[in-house]
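Thanks for coming, everyone. Let me put the structure up, and then we will walk through it in a few stops.

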Amino acid sequence: MASRLSFSCMVCTISLIMIFSSLPSQALLSNEIFYLLTCPIALANISFAVNQAVHDDPRMAASLIRLHFHDCFVQGCDASILLDDTPSMIGEKTSFFNVNSIRGYDVINNIKSQLERLCPGVVSCADIVAIAARDASVAAGGPTWPVKLGRKDSLTASRDLANQNLPRFTDSLQQLTDLFAKNNLSARDMVALSGAHTIGKAQCFTFRDRVNSNASDIDPEFARSLREDLPCPSNGTGDTNLASLDSVTPEALDNNYYKNLVAKQGLLQSDQILFSGGSTDTIVNEYVANPLTFASDFAAAMVKMGNINPLTGTQGEIRRVCNVVN
């Protein structure tokens with residue numbers, strides 16, 4: 001009897017292995033106990049470092065969330081965005097959407113350096129980026145979510161892919177919807193993830209045309225203040241002047257971003273297009289009316305985004321230093 005039970009258990013185990021080995025790589029990501037035995041202090045160290053970084057520079061919360069987003073939309077969530085250029089590879093850091101814009105590299109590199117001293121060769125840079133984004137949301141008063149772990153780091157990066165696959169601040173609603181759909185993210189996921197623009201800042205060149213357009217989809221006084229008080233005039237000066245994406249609660253991850261859209265005070269064209277008489281207006285109104293719904297949807301969408309084409313198992317590597325391959 002005992003031998004038959006042992007054989008049955010063995011068959012079950014083999015069956016489970018076969019089932020899991022046939023699943024796509026996303027399914028192989030584990031829950032947050034992934035590092036429990038190999039590096040039990042990993043999550044606490046990342047949380048402490050992120051909280052300290054956001055305390056020192058409140059903008060860093062938005063930067064770390066954006067870093068995760070820009071990583072996942074190019075090749076998947078594989079830390080490719082962290083790689084420096086080499087003689088044989090032009091990476092993502094110098095793409096149009098990242099150069100002089102993406103921040104947080106030092107935060108991730110410092111976390112990795114600490115973890116390499118404590119648990120060498122264990123925690124991937126891709127997982128650090130994903131965890132840091134979640135902790136940045138919490139540090140800014142936003143929601144938390146369970147981060148699936150076990151990503152490996154890529155061996156390559158591509159500026160061309162970054163230029164092709166990241167959303168533009170001039171994109172139409174259809175262009176944005178199509179881009180998110182390509183990553184298995186719904187229109188609702190897109191509107192929820194766009195809520196990350198309730199924190200952070202944008203440079204003048206990204207909204208100059210909008211605030212100088214005299215268009216009907218922008219509040220005239222809001223536009224005037226950006227043209228004159230910032231300033232961001234039409235003559236091409238002040239390119240790097242910064243404006244808060246949400247001028248009301250610029251350091252709080254809340255639903256005020258959507259209230260701004262209803263008031264025609266979206267800073268970027270790609271923000272305001274979410275509330276412009278189109279199919280996503282109802283979602284924006286829902287998030288205005290119920291901040292808890294926004295928080296829940298934002299968390300769920302971040303989990304989905306974190307599962308975009310991760311490298312697992314024998315794919316990729318665990319880098320010793322995040323900006324170069326081993």
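One term before we start: buried means under 20% relative accessible area, exposed means over 50%, and partly exposed is in between, with a 1.4 Å probe and protein chains only. Now the ground rules. This is a predicted model, where local features need pLDDT of at least 70, side-chain atom pairs count only at pLDDT 80 or more, and totals for chains, interfaces and linings use all residues. Residues are numbered from 1 along each chain as its sequence is written, and side-chain values use heavy atoms, with hydrogens and water left out.

Let's begin with the aromatic rings. A pair of aromatic rings is described by the distance of the centres and the angle of the planes. Here, rings of Phe, Tyr and Trp (its six-membered ring) pair if their centres lie within 6.5 Å; planes under 30 degrees apart count as stacked, over 60 as edge-to-face, and the rest as tilted. How many aromatic pairs does the structure hold? It holds 13. Take Phe69 and Phe73: the ring centres are 4.4 Å apart and the planes sit at 25°, so this pair is stacked. Both residues, Phe69 and Phe73, are buried. Phe73 also pairs with Phe180, and that pair is edge-to-face, at 5.1 Å centre to centre with 65° between the planes. This second pair links distant parts of the chain. Phe73 is in the loop between H3 and H4, Phe180 is in helix H7 (residues 173-182), and they are 107 residues apart. Phe180 is buried, like Phe73. Elsewhere, ring pairs join Trp145, Tyr257, Tyr258, Tyr287, Phe294 and Phe298 into a cluster.

A word on those labels. Helices (H or I, at least four residues) and strands (E, at least two) are DSSP runs, numbered from the N terminus.

Next stop, helix H3. H3 has 13 residues and reaches 18 Å from its first C-alpha to its last, close to the 18 Å expected at 1.5 Å a residue. That expected span is 1.5 Å times one less than the number of residues. Of its 13 residues, 12 are buried, so H3 is largely enclosed by the rest of the structure. Among the buried ones are Met60, Leu64, His68 and Cys72. What do the buried residues of H3 pack against? They pack against H2, H4, H5, H7 and helix H14 (291-305). Contact here means heavy atoms within 4.5 Å.

On to helix H4, residues 105-118. H4 has 14 residues and reaches 20 Å, close to the 20 Å expected. Its buried residues are Tyr105, Val107, Ile108, Ile111, Lys112, Leu115 and Glu116. Seen down the axis of H4, these fall within an arc of 165°, so they line one face of the helix. The arc is that of the directions from the helix axis to the C-beta atoms. An α-helix has 3.6 residues a turn, so residues three or four places apart point the same way. The face of H4 turned away from its buried side carries the exposed residues Asp106 and Arg117. The cover over the buried residues of H4 includes helix H2 (42-56), helix H3 (60-72) and helix H5 (125-139).

Now Arg134, in helix H5. Buried or exposed? Arg134 is buried, with a relative accessible area of 7%. Leaving aside neighbours within four places in sequence, its contacts include Glu32, Leu43 and Trp145.

Another arginine: Arg208, in helix H9 (residues 208-211). Arg208 is buried too, at 11% relative accessible area. Not counting residues up to four places away in sequence, Arg208 touches Cys232, Pro233, Ser234, Gly236, Thr237, Gly238 and Asp239. Gly238 lies in the loop between helix H10 (220-229) and strand E2 (242-244), and is partly exposed at 25%.

Last stop, the backbone. The peptide bond from Leu230 to Pro231 is cis, with omega near -5°. Pro231 lies in the loop between H10 and E2. Ala79 has phi near 65°, a positive value in a residue other than glycine. Ala79 lies in the loop between H3 and H4 and counts as buried, at 0% relative accessibility. Asn214 has a positive phi as well, near 60°. Asn214 sits in the loop between H9 and H10 and, at 67% relative accessibility, counts as exposed.

That's the tour. Over to you.
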